[in-house]
Amino acid sequence: MAESLKIPRHVAIILDGNGRWAKAKGMPRNYGHVQGAKTVETICEDAYKMGIQYLTVYAFSTENWSRPRDEVDALMKLLRNYMKTCLKTAEKNRMCVRVLGEKSRLDEDIRTRIQELEEATRDNDGLHFQIAINYGGRDEIVRASRKLARMAASGELKPEDVTEDTISGLLDTAGIPEPDLLIRTCNEQRISNFLLWQLAYTEFYITPVAWPDFTKEELVKAVEAYNHRERKLGGLIT
């Protein structure tokens, strides 16, 4: 059981299969996204009870804008509603919420809700929950590189003083430990431009289960698989 497992400090999840799950049930794709949002709420509570301290989910990528307009509009509506739900959940469970990604492309009301959510939960001491919205790993690195360039141009930073810690401190995840375990649902085996810098030494777990069907039992299976891995950093077994 989970009590006897070594629990990863930080788990990241690529939430895959919402649309396919809905289609298999004869329902529209948006139904799958709604059910997937409910699963996120449940897994947040399950993860914290298991002892996971940080949970990061990939909710909407920079590439998702290319989906059909009606689906994108439905996802934005769902996001608006989820921000309200997440605030209530965070208040109940003392969850600290942070949104990763380029927020400028989001509508103003969504940006306002994100800011309110982050500020209201900033000092909470429960699960640290990161939601990646309009997020892309390459975009994140480009934005960090621009910050570095401006710092160098202003004389604030010398090129020879740039370290991995310098770059990590300019990413959306600054101050958050790198993931120990990445879970991807629905049997997809790609990183899909998610946390490219942060996943350097992360263990991967792929499951055929679609995200709306992902449960605490499935999370335990992922952690059990993680426990059977030999953690290697820089080629050394740890």
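This report looks at the cores, the cavity and the pockets of a predicted model.

## The packed inside

Let's start with the nonpolar residues. In soluble globular proteins, nonpolar side chains tend to be buried together. Here the largest nonpolar core has 45 residues, and the ones touching the most other members are Ile 13, Leu 55, Phe 129, Ile 131 and Ile 183. Helix 3 is the top contributor to this core, giving 9 residues. Another core of 10 residues lies apart from it, and its members include Ala 12, Leu 100, Ala 132 and Leu 199.

If you skip its neighbours within four places in sequence, Phe 129 is in contact with Val 40, Cys 44, Leu 55, Val 57, Tyr 82, Cys 86, Met 95, Cys 96, Val 97 and Arg 98.

Next up is empty space. Rolling a probe the size of a water molecule over the atoms shows where empty space is left. How many cavities of 30 Å³ or more turn up? The count is 1, and the largest cavity holds about 30 Å³ of space.

Its lining is made of Glu 41, Cys 44, Tyr 82, Thr 85, Cys 86, Thr 89 and Met 95. Two elements each give two or more residues to that lining: helix 2 (29-50) and helix 3 (69-93). Helix 3 gives the most, with 4 residues. Sort the cavity lining by class and you get 4 nonpolar, 2 polar and 1 charged.

## The largest pocket

Now for the open spaces. The largest pocket has about 690 Å³ of space. It is lined by 32 residues, and those nearest its centre are Leu 15, Tyr 58, Ala 59, Phe 60 and Asn 64.

Which elements supply at least two residues each to this lining? They are helix 1 (18-24), helix 2, strand 2 (54-61), helix 3 and strand 4 (128-135). By class, the lining of the largest pocket has 16 nonpolar, 9 polar and 7 charged residues.

Around it sit Tyr 54, Cys 96, Val 97, Arg 98, Glu 118, Arg 122, His 128, Gln 130, Ala 174, Gly 175 and Ile 176. Strand 3 (96-100) and strand 4 are the elements giving two or more residues here, and strand 3 has the largest share, at 3 residues. The lining splits into 5 nonpolar, 3 polar and 3 charged residues.

Key: Residues are numbered from 1 along each chain as its sequence is written. This is a predicted model: local features need pLDDT of at least 70, side-chain atom pairs count only at pLDDT 80 or more; totals for chains, interfaces and linings use all residues. Side-chain values use heavy atoms; hydrogens and water are left out. On a 1 Å grid over the protein atoms alone, a cavity is a set of points where a 1.4 Å probe fits but cannot get out, and a pocket is an open set with protein on both sides within 12 Å along at least five of seven lines; lining residues have an atom within 4 Å of a point. Grid points are joined across faces, edges and corners, and a volume is the space filled by probe spheres set on the points. Ala, Val, Leu, Ile, Met, Phe, Trp, Tyr, Cys and Pro count as nonpolar, Asp, Glu, Lys and Arg as charged, and the others, Gly among them, as polar. A nonpolar core is a set of buried Ala, Val, Leu, Ile, Met, Phe, Trp, Tyr and Cys residues joined through side-chain atoms within 4.5 Å. Buried means under 20% relative accessible area, exposed over 50%, partly exposed in between (1.4 Å probe, protein chains only). Contact means heavy atoms within 4.5 Å.
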